[in-house]
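The sequence and the structure are shown below.

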Amino acid sequence: MLDMKRVGQNIKSARTKKNMTQLELADIVGVSYQAVSNWERGNTMPDVTKIPDIAKALDIGVDDFFGDGDLSKTVNKVVKTPAEPLTTSEITEIAPILPPKDLEDTIEKRTDKESLNFDAIVGLAPFLEKEYLDSLIENIDIANIKDIEKLAPFLSSDTLAKLAKKMDISNINDFIGLAPFFPKATLDEFVKNIEPENIGKLASISPFLSWDAWDIITDKAISAGDVSSLLDVAPFLPPETLKKVADHILHSKNPSELSKFAAFL
């Protein structure tokens, strides 16, 4: 596993032994001194194309960067024989230091040509461009909506919408973690079918729903004679929708219930 803090400490140690400043190292390898500073603090990693230059400048080997393990062997393979294909396991390990396009090429040339499994894609997702990741996930069967949460920050909204349509999602709790990533239209379509007794649960995803969706939900609660189900979401209802609720209550058998909504009118 790639330990950015450890790599940063190793670069700093080798640089100070050479009595070299961050600026001097930066000039030699063709980066900014801020980049070197970020490497040494473990905030970022030099990509694999820079490793030979850094190693030469500091008189160290790849093992001095990453330790004597599988990662060092993989980096050595990439640096010395870049045309040699890697296994999926090796690609996942080295992904953080490969430029996105190089990573895509490496995936396409991998030795194990079967489709990448879900866990492998999750491990690679932070380092891939969105369009390429979308193409990978299209070939994967995802049975559990919760699994999508692991990939949601990295997928396009269109792909998320397609994945949602493939699944039988009936529980509002399944949408809570995904709401910030789904297109409004997808969320709206789901909540339009919600039962009045579950309307209160929508408070957790309310910032992501459209005003049209709230209007339809409100009509459903009114038709079911269950306006009280809107109380938990009242702070999020559009002004015109709240007015509709108030008008309904005023003309109902229990106009005193309007007091419960008074703070939001």
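Contact here means that heavy atoms lie within 4.5 Å of each other. With that cut-off, the buried residues of H10 pack against H8, helix H9 (118-124) and H12. The model is predicted.

**Buried faces of helices**

- Helix H10 spans residues 130-137, and its buried residues are Tyr132, Leu133, Asp134, Leu136 and Ile137.
- In helix H3 (residues 33-41), the buried positions are Ala35, Val36, Ser37, Trp39 and Glu40.
- Helix H1 (4-17), helix H2 (22-29) and helix H4 (51-58) are the elements against which the buried residues of H3 pack.
- H14 has Thr186, Leu187, Asp188, Phe190 and Val191 as its buried residues.
- The cover over the buried residues of H14 includes H12, helix H13 (173-176) and H15.

**Packing of H15 and H16**

- Two packed helices are described by the angle between their axes and the distance between the axes.
- For helix H15 (residues 211-223) and helix H16 (residues 239-250), the axes come within 9 Å and cross at roughly 10°.
- Angles under 35 degrees count as roughly parallel, and H15 and H16 are therefore roughly parallel to each other.
- On the H15 side, the contact involves Trp211, Trp214, Asp215, Thr218, Asp219 and Ile222, which meet Pro239, Thr241, Lys244, Val245 and His248 in H16.
- By residue class, the contact of H15 with H16 divides into five nonpolar, three polar and three charged residues.

**Largest pocket**

- The largest pocket holds about 290 Å³ of space.
- Its lining comprises 16 residues, and Val78, Pro82, Leu98, Asp102 and Thr106 are those that lie nearest the centre of the pocket.
- Helix H6 (70-80) and helix H8 (100-108) each contribute at least two residues to the lining of the largest pocket.
- Eight nonpolar, three polar and five charged residues make up the lining of the largest pocket.

**Second largest pocket**

- The volume of the second largest pocket is about 210 Å³.
- Of the 11 residues that line the second largest pocket, Ala164, Lys165, Thr186, Glu189 and Phe190 lie nearest its centre.
- Helix H12 (157-166) and helix H14 (184-191) each supply at least two residues of the lining of the second largest pocket.
- H14 provides the largest share of the lining of the second largest pocket, with four residues.
- The lining of the second largest pocket divides into eight nonpolar residues, one polar residue and two charged residues.

- Most residues other than glycine have a negative phi.
- Asparagine 19 has a positive phi of about 55° although it is not a glycine.
- The loop between H1 and H2 contains asparagine 19.
- With a relative accessible area of 70%, asparagine 19 is exposed, given that the cut-off for exposed is over 50%.
- Aspartate 59, also a residue other than glycine, has a positive phi near 55°.
- The loop that holds aspartate 59 runs between H4 and helix H5 (62-66).
- Aspartate 59 counts as exposed at 58% relative accessibility.

- Arginine 15 lies in helix H1.
- The relative accessible area of arginine 15 is 8%, and this residue is therefore buried, the cut-off being under 20%.
- Neighbours within four places in sequence aside, arginine 15 is in contact with Met20, Thr21, Gln22, Leu25, Glu40 and Leu58.
- Among these contacts of arginine 15 is Glu40, which is one of the buried residues of H3.
- Alanine 152 is located in the loop between helix H11 (145-148) and H12.
- Alanine 152 is buried, with a relative accessible area of 1%.
- Not counting residues up to four places away in sequence, alanine 152 touches Leu160, Leu178 and Phe181.
- The C-alpha atoms of alanine 152 and alanine 179 are 9.6 Å apart in space, while the two residues are 27 residues apart in sequence.

How values were computed:
Residues are numbered from 1 along each chain as its sequence is written. This is a predicted model: local features need pLDDT of at least 70, side-chain atom pairs count only at pLDDT 80 or more; totals for chains, interfaces and linings use all residues. Side-chain values use heavy atoms; hydrogens and water are left out. Axes are lines fitted to C-alpha atoms, for helices over the stretch in contact, and angles run from 0 to 180 degrees between N-to-C directions. Angles under 35 degrees count as roughly parallel, over 145 as roughly antiparallel, 65 to 115 as roughly perpendicular and the rest as oblique. Ala, Val, Leu, Ile, Met, Phe, Trp, Tyr, Cys and Pro count as nonpolar, Asp, Glu, Lys and Arg as charged, and the others, Gly among them, as polar. On a 1 Å grid over the protein atoms alone, a cavity is a set of points where a 1.4 Å probe fits but cannot get out, and a pocket is an open set with protein on both sides within 12 Å along at least five of seven lines; lining residues have an atom within 4 Å of a point. Grid points are joined across faces, edges and corners, and a volume is the space filled by probe spheres set on the points. Buried means under 20% relative accessible area, exposed over 50%, partly exposed in between (1.4 Å probe, protein chains only).
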